[in-house]
Amino acid sequence: MCGIVGYLGPRKASPVLLEGLSKLEYRGYDSAGIAVIEDGKIKVEKCKGRLANLQEKLKKNEFTGSIGIGHTRWATHGEPSNKNSHPHTNESGTIAVVHNGIIENYIVLRDWLTSEGYKFVSDTDTEVIPHLVDYYYKGDLLDAVIKATKKMEGSYAIGVLLKNEPDKIVAVRKDSPLIVGVGENESFIASDIPAVLNYTRDVYLLDDNEYVVMSGEGVTLVDENKNVIDKEIFHVTWDADAAEKGGYDHFMLKEIHEQPKAIKDTLTSRIVKGEKIKLDSITLTKEQLQDVDRIYIVACGTAYHAGVIGKSVIEKLAKVPVEVDIASEFRYRDPLITEKTLMIVISQSGETADTLAALRLAKKENARVIAVTNVVGSSVSREADDVLYTWAGPEIAVASTKAYVTQLIAMYIIALYLAEMKQSVRESEIKKIKDGLLNLSERAAEVLNNKEIIKKLADKIYEEKDMFFLGRGLDYAVAMEGSLKLKEISYIHSESYAGGELKHGPIALIEDGTVVIALATQEDLFEKMVSNVKEVKTRGAYVFGIAMEEHDYIEKTVDEVIYIPRVMPILAPVLSVIPLQLLSYYVSIKKGCDVDKPRNLAKSVTVE
Ligand code: F6R
């Protein structure tokens, strides 16, 4: 996630770009930069940190040119720093590029371009783009961009400036958003509509592989063969605030809907059909792994719940004993840590005080630490030995949704990685899980298409005071997460229980009408779960079931059921959590709570 903008018209470009970027800062704020053509040269100003830093710099060094591009960064390849900030240029500074996305084959391209004499100054994937454009430029910027993009694999929305064609911006998108704003004698590109709304409400919503040529003559859209594309203008009627949320009412709902993409992005280049898992950011060797006698997974809140799934999955596949612990408990319980311990910390923000303390404790005892985090350059990523980034993009709503599902994906990746190294399960089994993972994004999108039943349930239960979430095995871990989600944004008290545990006490709380959400996605535990459901039904509970398609036998036992698409039971948590996220969202709305900023909570918990 990053935000890009571009402007061409009669105004000074710099203030327009800065204003546009301010509307895109939600997409990342690790660094910001602009490039403007002025006095026959491309001038670049960029720096680490928030947009305010760039604004300060530009006060001292004002740009007056009226054509430019800008970028606000959410770091993926290369830590947040001045040199990794966009725009990136070719060596002579005659081509400038802003980019949102990931160029997956950048290493191959960088090696090739280096052999052709190109010099790289940043650690980013993006820097290959200005060099590619330079390589292919033979007098026509559009031609060069088309040729460059044909070499690029991955996702991109890019804007390109060229000194030699000073009245033109060329842009293109593939798998990353890009819109074109059309004003009177002026035009804009942006990653999102709010960036242009102060100037125009007329936009083109670009599709993949559509190229844009902006010049004094207006905007032309073409395909890769330079055939002109006749596209309808979309007239924006919503206000800027709604648009920042991509048309969704809340960031949480937007982020729930971003999960299919987040799943896909997190798997990208890690799980590749027919290939062994390669994790360039994890350097643990086979020999080191043979020495590991125990794994600790340590985290807080939702990340801890991902860890609970991680424990099961790693033990099942890699056959190493795993303990999962809450960071604030772990750090004070004198855990047995030795050089043979492998610790995995999970943290969306990478700044959670207790998780960081647990990591430091492990490092002090010479254990090896892998960090799973969503924020590049965060404290846990810097202090751990190895990092596996979750590519969820910035998560703004306090209640974690897309970060959680990507943490689950990270757990599968690590488990499979260890299993492949240890050869602890049959290759055919590993292949089956990998294939299942590669299909998960589409399955998640299917779950999101089935919201009506969840809305109806929310309408029915929003005035409840207490609820139960039940599950067995992996479903129990998902029940924990569902219960937390409901508590934190709708303030309804709820408990999660392992199905078999209920009769050891809590069943005393079940009475006529008590709402129970029962997860029954685990094939080998299905019958047992049905029995547990019967136990609460007999005592008057209203039971809403979550089961896998084809398990419609459950309808005989529950009051209502939602089905998730059929996947391997080990992968079901990624899908079964989605109805629970939606349930807490709709209940919260119905109760009039502040969904994105629930009371008493903060996105990053940097105190213990
Ligand atoms: C709940 C939630 C929290 C976080 C927890 C850890 O929706 O978001 O429970 O999961 O505070 O935060 P990170 O992952 O940033 O360490």
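**A hairpin, a sheet and a domain interface**

A: Strand β12 (residues 210–215) and strand β13 (residues 218–222) run antiparallel and are joined by five bridges; two strands count as paired if DSSP finds at least two bridges between them. Keep in mind that this is a predicted model, so local features need pLDDT of at least 70 and side-chain atom pairs count only at pLDDT 80 or more, while totals for chains, interfaces and linings use all residues. Residues are numbered from 1 along each chain as its sequence is written, and side-chain values use heavy atoms, with hydrogens and water left out. As for the element names, helices (H or I, at least four residues) and strands (E, at least two) are DSSP runs, numbered from the N terminus.

Back to the hairpin: two residues carry the chain from β12 to β13, and Ser215 sits opposite Gly218 in β13. On the way into β12, have a look at Asn209, in the loop between β11 (202–205) and β12. Asn209 isn't a glycine, yet its phi is positive, about 65°.

Now the open sheet. Its eight strands come in the order β3-β2-β4-β1-β10-β9-β11-β14, with antiparallel pairing. β3 (41–48) and β14 (234–235) are at the edges with a single partner strand each, so one side of each has no neighbour in the sheet. Within that order, β1 (residues 3–8) pairs with β10 (residues 187–190) in the antiparallel sense over four bridges, and there Tyr7 faces Phe188 in β10.

There's a side-chain link to look at too: Glu186 makes a salt bridge (a Lys or Arg side-chain nitrogen within 4 Å of an Asp or Glu carboxyl oxygen) with Arg11, their closest N and O atoms 2.8 Å apart. Glu186 is in the loop between β9 (179–182) and β10, and Arg11 in the loop between β1 and α1 (13–24), so this pair ties together distant parts of the chain, 175 residues apart. The whole structure has 38 salt bridges by this rule.

Zooming out, the chain splits into domain 1 (3–244), domain 2 (253–438) and domain 3 (447–591), with bounds from an automatic or database domain assignment. Domain 2 and domain 3 have C-alpha centres 26 Å apart. Between them, 28 residues of domain 2 contact 22 residues of domain 3, contact being heavy atoms within 4.5 Å.

The two domains bury about 2,100 Å², 77% of it on carbon and sulfur atoms; that is the accessible area (1.4 Å probe) lost on putting two parts together, summed over both. On the domain 2 side, Leu253, Ile256 and His305 lose the most area to domain 3, together 23% of what that side buries.

This interface has zero salt bridges, but seven residue pairs (both at pLDDT 80 or more) are in polar contact. A polar contact is a pair of N or O atoms within 3.5 Å; within protein, one must be able to donate a hydrogen and the other to accept it, and residues adjacent in sequence count only if both atoms are side-chain atoms. Helices α7 (251–257), α8 (259–267), α10 (301–318), α14 (402–422) and α15 (427–448) each supply at least two residues to the domain 2 side. α10 gives the most, with nine residues.
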